Amino acid sequence: LSGLSFHPKRPWILASLHNGVIQLWDYRMCTLIDKFDEHDGPVRGIDFHKQQPLFVSGGDDYKIKVWNYKLRRCLFTLLGHLDYIRTTFFHHEYPWVLSASDDQTIRIWNWQSRTCVCVLTGHNHYVMCAQFHPSEDLVVSASLDQTVRVWDISGLRKKNLSPGAVETEVRGISGVDLFGATDAVVKHVLEGHDRGVNWAAFHPTMPLIVSGADDRQVKIWRMNESKAWELDTCRGHYNNVSCAVFHPRQELILSNSEDKSIRVWDMSKRTGVQTFRRDHDRFWVLGAHPNLNLFAAGHDSGMLVFKLERERPAYSVHGNLLFYVKDRFLRQLDFNSSKDTAVMQLRSGSKFPVFSMSYNPAENAVLLCTRATNLENSTYDLYSIPKETDSQNPDAPEGKRSSGLTAVWVARNRFAVLDRMHSLLIKNLKNEIAKKVQVPNCEEIFYAGTGSLLLRDPDSITLFDVQQKRALASVKLAKVKYTVWSADMSHVALLAKHAIMICNRKLDSLCSIHENIRVKSGAWDETGVFIYTTSNHIKYALTSGDHGIIRTLDLPIYVTRVRGNSVYCLDRECRPRVLTIDPTEYRFKLALVNRKYEEVLHMVRNAKLVGQSIIAYLQKKGYPEVALHFVKDEKTRFSLALECGNIEVALDAAKALDDKCCWEKLGSVALLQGHHQIVEMCYQRTKNFDKLSFLYLLTGNLDKLRKMMKIAEIRKDMSGHYQGALYLGDVGERVRILKNCGQKSLAFLTAATHGLDEEAEALRASFDSEKETLPEIDPDAKLLQPPPPIMPLDTNWPLLTVSKGFFEGAIASKGKAGQMAVDIDVEVAGGEGWGEDAELQLDEGERLCVGLFVRHG
């Protein structure tokens with residue numbers, strides 16, 4: 001990986017690769033958002049524009065390309081360099097791009113007019129890097145000619161302004177031909193490196209420059225208007241230094257090298273503070289985020305995005321009070337009054353921030369643990385919080401400091417310490433050892449109520465009774481980082497880097513959740529829902545295992561308390577904040593889980609529950625009738641309405657969709673429920689003439705049956721026509737049909753059997769006695785005619801109902817207050833027919849039992 005650039009506002013980073021591809025990553029989600037592939041060969045220079053949706057790239061194909069990442073394409077290419085391009089940067093204010101190249105020049109381009117406005121010559125070897133000053137008209141460049149140069153480009157700025165502006169800006173300068181003036185001049189040449197210089201960068205606010213070179217040194221330079229000089233050298237890398245940058249806010253320098261390490265240097269002491277190594281990858285490039293504590297480093301096989309110091313504040317919640325450490329003070333925030341006061345100053349002496357805190361309300365005492373880079377040097381401080389404090393000038397009370405990894409209160413006047421040997425010491429308020437407890441392989445201890453601790457080993461958590469010195473329960477979860485108990489201590493949430501497990505007091509696992517993005521913090525709300533944060537979301541988890549997103553976060557936060565729709569938290573600057581959330585979704589699910597159906601119904605009617613997810617959830621949990629209330633999409637409405645047997649809603653949706661498949665489905669469900677008018681409409685829409693005819697026979701609608709017979713005749717559907725005549729008992733029509741289709745013998749028999757003597761005689765006369773035989777008439781033949789309907793059925797027949805759940809009953813009673821709803825369980829047997837002993841629901845609520853047999857034809 002040869003180039004990096006952080007987006008100033010979004011959690012994005014650009015990475016340019018040796019194969020010519022530019023990748024756009026979301027570093028919080030660890031996902032590749034997009035890639036841009038137009039360069040031939042390695043791309044070394046890459047930079048996001050500060051305001052516009054643009055980035056610039058420069059590659060070994062001698063091309064500079066300006067891209068619009070919203071449009072996902074290259075806007076144009078700038079040509080002019082005659083060799084590899086090493087770096088490309090946008091100016092923070094003007095429409096300029098600065099490029100450094102192996103052709104020994106630095107060029108400034110106007111990306112709006114797409115022209116080269118200036119060429120800086122003077123280096124006599126490859127120019128490895130060139131950058132604009134963050135606020136002044138200066139450029140710094142580094143070259144393999146072993147020099148770092150500073151260029152003054154103020155002349156270029158004046159030239160670049162419009163002619164009118166130039167006159168006003170330089171009024172009083174007489175006789176200067178501005179347009180003949182040199183655009184850029186070398187201001188300082190910094191000599192001191194013994195080998196080629198790979199990188200040089202300005203300090204964001206001070207007149208300093210840092211450079212890294214093949215002589216394995218990182219040098220700091222200072223400059224003023226007239227000269228520049230070397231301040232100091234940081235020695236420690238044992239191969240070429242490929243990149244070096246100033247920390248944006250602290251007195252630190254970061255450098256990386258081909259020796260497979262990243263080093264952090266203290267600027268004032270010029271000493272190494274931290275070293276990070278990779279086994280097999282050389283580092284090539286470093287990037288600092290303009291305003292967050294984030295850095296990125298590119299190596300042979302990819303990149304790292306990392307923070308320098310831990311940003312999680314140390315805090316502890318008791319009742320309505322939050323205690324937290326900020327700027328060497330212990331502060332107290334009252335959640336009710338929002339009053340935030342400093343209660344005491346902490347003694348200095350530790351260069352590491354407070355790692356964790358344990359508060360003792362009975363004695364008003366606090367334990368503050370500090371983690372050193374070398375864990376064995378970790379310490380804790382025991383403080384008694386002063387009763388009356390002058391909040392303007394809280395003095396530092398005398399704290400008792402001892403070595404230990406973690407200290408946690410286990411009783412009113414006892415606390416447990418995990419010492420450097422990983423054994424457990426129980427101490428009193430004077431910080432004296434009361435007893436030693438032998439514990440199994442333990443790396444970390446957590447609070448677990450009076451007399452108990454949670455012990456962490458690499459792959460599990462154990463509930464340990466300190467009095468009885470024995471383990472009570474254990475649960476498997478690797479590398480737990482934090483534990484959060486509910487207010488009544490009935491539940492505990494165990495938080496690992498990418499997992500959450502919720503357990504009861506006995507450490508039985510109730511549910512576990514996997515997260516792809518890092519889990520940060522959590523707190524229980526008053527209804528027993530666990531609210532937790534990842535790097536980019538606030539989420540919820542029910543003890544039943546249901547979980548989901550509540551809202552998105554711009555930056556990580558640490559939840560301290562959840563009350564109603566307010567989430568109280570600390571941000572990374574340790575400022576208390578209150579975020580508003582919408583708890584409707586998880587409260588709704590909680591009410592469903594706890595079978596509080598009145599509450600669910602109230603929310604259905606009053607809340608604005610969102611989207612497909614809640615509908616799918618309700619359907620999955622077997623509440624399609626509730627889901628129906630949220631659905632706008634007709635297709636989903638239709639299938640849900642069928643699922644819960646709501647024919648009226650299904651009919652509305654089917655009308656809107658007007659799809660043959662929908663009408664067929666609706667027809668079969670409506671038939672089961674006895675809505676024969678809807679069945680009729682469905683058969684009409686799907687032109688299902690056979691079933692329609694049979695339906696009219698069942699409902700005794702002879703007029704429509706006659707119409708069906710006519711339609712069959714027009715359609716030349718001989719079979720349907722005949723069947724209609726059969727249903728109607730229209731013998732004359734049947735004879736006519738048989739005659740027309742050449743079935744003379746059948747026509748004659750039909751007429752003769754049914755007493756149509758004239759018709760039979762006419763047919764007998766048409767027989768040719770030599771060629772055709774006249775069929776014999778059966779003397780015992782019976783008249784075949786369907787019984788006439790007793791009464792045509794205009795209304796729907798008695799409904800077959802499906803057992804109603806709470807919601808349908810409640811919703812129905814709201815809609816049809818006058819009608820009495822009767823719950824009947826029915827197993828529907830036949831397809832088009834009915835079950836033999838079907839129970840019927842009548843309007844009066846009477847129950848009848850009838851046997852219905854329908855015989856065909």
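Student: Which residues have the most contacts inside the largest nonpolar core?

Tutor: In soluble globular proteins, nonpolar side chains tend to be buried together. This model is predicted. Its largest nonpolar core has 41 residues. Ile209, Val218, Ile253, Leu254 and Phe306 have the most contacts inside it.

Student: What does Ile253 touch, leaving out residues up to four places away in sequence?

Tutor: Its partners are Val210, Val218, Ile220, Val245, Phe246, Arg263, Val264, Trp265 and Met267. There is also a second, separate core, of 30 residues. Ala641, Trp663, Tyr683 and Ala725 are among them.

Student: Now the sheet. In what order do the four strands of the open sheet stand?

Tutor: The order is β36-β37-β38-β39, with antiparallel pairing. β36 (406-411) and β39 (433-437) are the edges. Each has a single partner strand, so one side of each lacks a neighbour in the sheet. From one strand to the next, the twist averages 25°.

Student: How many bridges join β36 and β37?

Tutor: Five, in the antiparallel sense. Strand β37 covers residues 414-418. Look at Ala411: it stands opposite Arg414 in β37.

Student: Is Thr580 buried or exposed?

Tutor: Check the relative accessible area. Exposed means over 50%. Thr580 has 52%, so Thr580 is exposed. Thr580 lies in strand β54 (residues 576-580).

Student: Which residues does Thr580 touch, not counting those up to four places away in sequence?

Tutor: Arg551 and Asn565. Take Asn565 and compare sequence with space. Thr580 and Asn565 are 15 residues apart in sequence. Their C-alpha atoms are 5.6 Å apart in space.

Notes
Residues are numbered from 1 along each chain as its sequence is written. This is a predicted model: local features need pLDDT of at least 70, side-chain atom pairs count only at pLDDT 80 or more; totals for chains, interfaces and linings use all residues. Side-chain values use heavy atoms; hydrogens and water are left out. Two strands pair if DSSP finds at least two bridges between them. Helices (H or I, at least four residues) and strands (E, at least two) are DSSP runs, numbered from the N terminus. Axes are lines fitted to C-alpha atoms, for helices over the stretch in contact, and angles run from 0 to 180 degrees between N-to-C directions. A nonpolar core is a set of buried Ala, Val, Leu, Ile, Met, Phe, Trp, Tyr and Cys residues joined through side-chain atoms within 4.5 Å. Buried means under 20% relative accessible area, exposed over 50%, partly exposed in between (1.4 Å probe, protein chains only). Contact means heavy atoms within 4.5 Å.
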